[in-house]
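Here is a short report on one protein chain. Look through the sequence and the 3D view, then read on.

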Amino acid sequence: MAASEPTGPDAGALFPLAPPAPGQGAGWAKLAAAVEAQVPPREIETIYVFRPIKRAGKEWGTAVVTRKASDGRLRIYTAKYMLIVRGKERGQSKIEVAEVALSPAEVLARVMQATVDRSGDTEPPVELGPSAWYEGGGHSG
């Protein structure tokens, strides 16, 4: 067998890479930086990431970020990105982070499920801790 014919574990290098873990990749990294500008990572309770949509050389991702309020409820933020993944504008993005609600945790769980039901998406959002985006991002609450 010629040395140029791949075998064993390196043979997989010829095939497309597995998709990144939920909430990981270039678009998510840009989104994480934008969220960090508004919400200190140590105050983040949970990050819910929805499956990104890829179409026509662009990728769209949405996350819901929660942060404990002083009264025990959750401050809820939506964070969205659009990343150009192909073409001469590759790497350019549009990011939006907005605080959208103050809610008890039980209500948020119902709203998240209703969002999945309404969208027809077969995959619910993936629930991540802050350490998925930030080093040592765990909260001490």
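## Order of the elements

From the N terminus, the elements run α-β-β-β-β-β-α-β. That comes to two helices and six strands. Helices (H or I, at least four residues) and strands (E, at least two) are DSSP runs, numbered from the N terminus.

This is a predicted model: local features need pLDDT of at least 70, side-chain atom pairs count only at pLDDT 80 or more, and totals for chains, interfaces and linings use all residues. Residues are numbered from 1 along each chain as its sequence is written, and side-chain values use heavy atoms, with hydrogens and water left out.

## Burial and contacts overall

The chain has 141 residues, and 31% of them are buried. Buried means under 20% relative accessible area, exposed means over 50%, and partly exposed lies in between (1.4 Å probe, protein chains only).

Residues 24 or more positions apart account for 56% of them.

## Two nonpolar cores

A nonpolar core is a set of buried Ala, Val, Leu, Ile, Met, Phe, Trp, Tyr and Cys residues joined through side-chain atoms within 4.5 Å. The largest one has 18 residues. Leu31, Val35, Ile47, Ala63 and Trp133 touch the most other members. At least two residues each come from α1 (26–38), β1 (44–49), β3 and β4 (74–84).

What does alanine 63 touch, beyond its neighbours within four places in sequence? Its contacts are Trp28, Leu31, Ile47, Tyr48, Val49, Tyr77, Thr78, Ala79 and Trp133. There is also a second, separate core of eight residues. Phe50, Leu74, Ile76 and Val116 are among them.

Threonine 66 sits in strand β3 (residues 58–68). It counts as buried because its relative accessibility is 1%. Beyond four places in sequence, threonine 66 contacts Glu43, Ile44, Glu45, Thr46, Tyr48, Leu74, Arg75, Ile76 and Leu108.

Serine 103 belongs to strand β5 (residues 93–103). Is serine 103 buried or exposed? Its relative accessibility is 7%, so serine 103 is buried. Leaving out residues up to four places away, serine 103 touches Arg73, Leu74, Ile76 and Leu108.

## The second largest pocket

Rolling a probe the size of a water molecule over the atoms shows where empty space is left. On a 1 Å grid over the protein atoms alone, a pocket is an open set of points where a 1.4 Å probe fits, with protein on both sides within 12 Å along at least five of seven lines; lining residues have an atom within 4 Å of a point. Grid points are joined across faces, edges and corners, and a volume is the space filled by probe spheres set on the points.

The second largest pocket holds about 270 Å³ of space. Its lining includes Phe50, Trp60, Tyr81, Ser119 and Asp121. Strand β3 gives the most, with three.

Lysine 54 lies in strand β2 (residues 53–55). It counts as exposed because its relative accessibility is 58%. A polar contact of 3.5 Å joins the side chains of lysine 54 and glutamate 59. A polar contact is a pair of N or O atoms within 3.5 Å; within protein, one must be able to donate a hydrogen and the other to accept it, and residues adjacent in sequence count only if both atoms are side-chain atoms.

Aspartate 117 is in helix α2. At 54% relative accessible area, aspartate 117 is exposed. Its side chain makes a polar contact of 2.9 Å with the side chain of glutamine 113.

Key
Contact means heavy atoms within 4.5 Å.
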